[in-house]
Amino acid sequence: MNHEPTLDIAIVGAGFAGLYMLHKAREQGLNAKVFERGDGVGGTWYWNRYPGARCDVESFYYSYSFSPELDQEWNWTERYPTQPEILAYLNHVADRFDLRDDICLGSEIVSARYDDNSTSWNLTSARGDEFTSTFFVMASGNLSAAQIPDFPGLTDFTGETYHTGNWPENDVDFRGKSVAIIGTGSSGIQVIPEIARQAEHVTVLQRTPSFSMPARNTPLTDDEISDVKANYASLRVASRNSAAGAPYPPSTDSAFDVSDEERTARYEQYWSMGGARIMNAFGDLMTSPKANDTVAEFVRGKIAESVADKDRAKILTPEGFALGSKRVCVDTDYYATFNRDNVDIIDVSSAPIERITADGIATAGDRIEVDAIVFATGYDAMTGALLAVDIRGQGGTSLRDQWSDGPKTYLGVAVSGFPNMFIITGPQSPSVLGNVVVSIEQHVEFIADHITFMKDKGYRISHPDFDAQEEWVRHVAEVGETTLFSTGSSWYVGANIPGKPRVFMPYIGGVGNFRAMCDEIAAEGYRGFVFS
Ligand code: NA7
């Protein structure tokens, strides 16, 4: 039997990560293929087609930086890009770099097994196709395993159901319908105003209110576009070296270095910039609970100003957790939507959803009848898409078993005992706390250079040293504990999935620091990896 793998590198996922990995692998002379479960490229931006879907990072920066030519030829039209525009961009990238020939669409990889004898990976797709490859890269995304809570009676409902992360390709017509929307994270906050404009009636079922900031989205002017294009090189460098992947100057002073009046004036100034910029108003907002209270109180004041009905405003006002400990949301008209006559909100934190009925939803205090239910209930984040594949490493060890108490990686890119497997923006990488595209590019380049290093040295196998991995996981947890990011009940810690181990998964040391650390590790012959 021929044990020679047919591919140098097998990549799962054709979103931002998979497309760039394919391009980079080809540049380095590797025979690569991407396997994508969707029928088109785009990953998250292929599936999240719900009305109002938009990135909460500015378009100029939420884009690839690896090609200065691409930067110059592509024109974003709005400050915050819509889902169709990002999808068009990714399709353009697939064509521009001639990637499509090596992308297998509609090909969901369900198992990946490392063969100790041939030292290669065997991949199997849902329709039974098999592939062998020397390297195996999971580029399956952090927010791609959509989750609908296991409500009793879910299948009894006779109306329409949708999940924001798995929206149908054709427009959904909510005119004349009454719609329940469950979930008020980033997706809920974007979809609620849009559906409220169309449907006859909307009932929002909220378990935890979010802190949301107005996007202040606008069309981009020709002058703004030329300005950024003229300075793209330095803006990209600033993003790469930043904490969260965007070139905004950080503030280093404390919220208590200034008077109360000056502090409020600073918050007003950052609030008027739009988006989540207010998080940068002072340097200690995510490290000092007291400083965080000041910004949280400011935002609570804005909610009170925006929502006319006092009872609704109270329900919509977050209390009891730090601003930023659940991802802050960026919206257009979210709070104003609750001034509409056709919108209701039910607080399901104290009176939870008990069951879905044939014609609606029963909570501990209410019973509502609806034609459609929209689940904006989020994702099994960071680990869901990885563990959806039955991945087996050395000696048949299952990744699901190895991670049963929580994920452990080295640098978020590799796992001890899983040779020649890489993850793009895995758990313990800094990717999700800012602009993920910057982290994706860094990871892809680290992986590609790692493979080239192996080729040059004549190595066949690489995986992280167990102790180096333990040390990295410990470091990530330690850094996480110095900030308020790890203190909320959010998907950052797996809190939204019943039974999921509670582990703070992102590395919060900053994308710039992380890059510098990885560069150092590479310069030292990939310290922490074992080669043979
Ligand atoms: P999120 O941010 O995880 O939000 C999911 C929402 O769904 C959130 O409000 C949850 O309330 C709610 N939810 C989840 N399960 C339930 C149950 N059982 N009952 C009631 N409500 C529930 O996902 P998104 O899709 O909005 O955003 C994901 C990321 O995409 C976002 O952070 C950005 O990075 C882009 P909870 O807060 O858990 O009480």
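Arg327 and Asp56 form a salt bridge in which the closest N and O atoms are 3.0 Å apart, a salt bridge being a side-chain nitrogen of Lys or Arg within 4 Å of a carboxyl oxygen of Asp or Glu. The count of salt bridges between domain 1 and domain 2 is two. The model is a predicted one, in which local features need pLDDT of at least 70 and side-chain atom pairs count only at pLDDT 80 or more, while totals for chains, interfaces and linings use all residues. Residues are numbered from 1 along each chain as its sequence is written, and side-chain values use heavy atoms, with hydrogens and water left out.

The domain assignment of the protein chain, whose bounds come from an automatic or database source, gives domain 1 as 7-145 + 381-531 and domain 2 as 160-221 + 246-375. Their centres, taken over C-alpha atoms, are separated by 29 Å. The contact (heavy atoms within 4.5 Å) takes 31 residues from domain 1 and 35 residues from domain 2. About 2900 Å² is buried between domain 1 and domain 2, with 52% given by carbon and sulfur atoms; buried area here is the accessible area (1.4 Å probe) that two parts lose on being put together, summed over both. Tyr50, Arg79 and Leu484 supply 24% of the area that domain 1 buries against domain 2, more than any other three residues.
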